[in-house]
Amino acid sequence: MALGAAVALSSCAGTSEQAAPLVIANGEQIIDTEGNPVNCHGGGFLTVGDTTYWYGEQRPSRMSSPQLGVSCYSTTDFKNWTNRGIVLPVSEDAAEGLTPGCIVERPKVIYNDKTGKYVLWFHHELPGRGYEAAHCGVAVSDTPTGPFTLLHSTRANAGQYPINFPDSLHGKHAGVDFDNLEWWTPEWQQMVDEGLFVDRDLEGGQMSRDMTLYVDEDGKAYHIYSSEENLTLQIAELTDDYTAHTGKYIRIFPGGHNEAPTIFKRDGEYWMITSGCTGWAPNKARMMHASDIMGEWTMMEDTPFTGEGADTTFGGQGTYIVEIGGQPVFVADIWKPENLKDSRTLWLPIEFGEDGVPTIPYVANYEIKR
Ligand code: GAL
C-alpha cells in the first residue's frame with residue numbers, strides 16, 4: 001500500500017477545522033509527489049525553516065548495479081515528499097573514487113552557521129575493494145539541495161590516538177602478525193580492548209563505516225562511526241567548519257560490535273541507540289547514555305524496544321533519530337538485500353518512562369505530530 005493510501009482522515013465530529021492526522025503505515029512503500037517510490041535509505045534529516053530534507057542512499061534494485069549517489073527529498077509535513085534529485089552524484093570523472101562501483105552509505109547533512117555551507121558526510125567504499133577502504137567522505141554545498149562537491153575521502157584521525165586511551169598502550173601491538181592472527185580468542189579480545197586495530201591503523205587513519213553526525217547546542221559537531229573492523233565505536237570532534245576531524249576522539253565499548261549509530265539529547269543526557277553487527281539482517285538493538293558526548297558512556301542492560309519483535313528491532317536497523325513535533329522519532333531501515341531499492345522505513349516515536357529512560361514500542365501506524 002502506498003503512503004498516500006495510508007493517510008487516515010479524522011472523523012471526529014465537531015472538529016472539522018482541526019487538521020486531520022497524518023499517518024505513516026510502517027513498512028509500506030512511501031510514494032513521492034510524482035508518484036514514485038522514495039529511494040532514500042540509511043539516511044538522515046535536516047530541517048531548514050519549515051522544510052525538512054531527507055538525505056539517503058540511492059539504491060539500484062540489483063546489488064551489482066552502480067549506485068547513483070546521495071538522494072534527497074523535501075517535505076513540510078513528513079507525509080508529502082518531493083524528489084530533489086541526486087545531490088551528490090557518483091560519476092566517471094569524480095575525484096577520490098566517487099566513481100561507478102563505489103559504495104555510498106549512511107549520508108548525513110548538517111548546516112554550518114559560520115561558513116553558511118551545508119556539509120555532507122558519508123561512508124564511502126572505493127570501487128572494486130568491497131568494504132575494505134572504510135573511508136568517510138565529506139562534501140559541501142551552498143544550498144541544502146546541492147549539488148554537493150566532494151572535498152575529501154579518507155580514513156579518520158590519522159596519526160592520533162583516542163583521548164581516552166592510556167599512554168601505556170601506545171604502540172603495544174606494533175609487532176603483531178595480522179596475517180596469522182586468530183580472531184575471537186580471549187587473547188584476541190584482550191588485544192582488541194587494548195587497541196589492536198587502533199595501533200594497526202594509526203598511520204593511515206581509523207576505519208570509518210556506519211556513521212552519523214551530531215550537532216550539539218553549543219554548535220560543536222561530532223562524527224560517530226563504527227571503526228576498528230566494526231568492533232568499536234569512535235566519536236570524533238569536528239573542526240569549526242564541520243569539514244574535518246580535529247584529531248580529538250574517543251573509542252567506546254571496544255569489541256562491542258556496535259553499528260548503525262543514532263543519537264539524541266534530552267534534558268542534558270545523550271542517548272545513543274545502535275544495532276549489532278549482522279549485515280543486512282536485523283538484530284537486537286542496544287542503548288547507551290552519557291552526560292558528556294565525549295564520555296563516559298554507560299551501556300543499558302536491555303534494548304529500548306519493547307513487545308513482540310523487540311529482539312530484532314521489529315525487522316529494522318536504525319539510521320537516524322529525528323525530532324518531529326517536539327518528539328524524537330527513531331527512523332530505521334527494513335533492508336531488502338535482494339532488492340535494496342525496495343527497502344522500507346520504520347518510524348517509531350520514542351517514549352519516556354518516569355525514570356526518563358527511552359522506550360520504543362512498535363506502532364503499525366505512526367501518527368505524525370504537528
Ligand atoms: C550493515 C550496515 C549497512 C551496510 C551493510 C552491508 O551492517 O549497517 O549500512 O553496510 O551492513 O552488509
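## Ligand contacts

An oxygen atom of the ligand sits 2.7 Å from an N or O atom in the side chain of E105. This is a polar contact, a pair of N or O atoms within 3.5 Å. For D210, a polar side-chain atom lies 2.5 Å from an oxygen atom of the ligand. On its own, the ligand has 310 Å² of accessible area (Shrake-Rupley method, 1.4 Å probe). The protein covers 88% of that area.

The model is predicted: local features need pLDDT of at least 70, side-chain atom pairs count only at pLDDT 80 or more, and totals for chains, interfaces and linings use all residues. Residues are numbered from 1 along each chain as its sequence is written, and side-chain values use heavy atoms, without hydrogens or water.

## The ligand shell

E105, R106, Y131, D210, E259, G279, W280 and Q317 surround the ligand. By class, the shell holds four charged, two polar and two nonpolar residues. Asp, Glu, Lys and Arg count as charged; Ala, Val, Leu, Ile, Met, Phe, Trp, Tyr, Cys and Pro as nonpolar; the others, Gly among them, as polar.

## The largest pocket

The largest pocket has a volume of about 940 Å³. A pocket is an open set of points on a 1 Å grid where a 1.4 Å probe fits, with protein on both sides within 12 Å along at least five of seven lines. Its volume is the space filled by probe spheres set on the points. The lining has 35 residues, each with an atom within 4 Å of a point. Closest to the centre are Y214, V215, Y320, I321 and E323.

By class, the lining has 18 nonpolar, seven polar and 10 charged residues.

Notes:
A residue is near a molecule or strand if one of its heavy atoms lies within 4 Å of it. A polar contact is a pair of N or O atoms within 3.5 Å; within protein, one must be able to donate a hydrogen and the other to accept it, and residues adjacent in sequence count only if both atoms are side-chain atoms.
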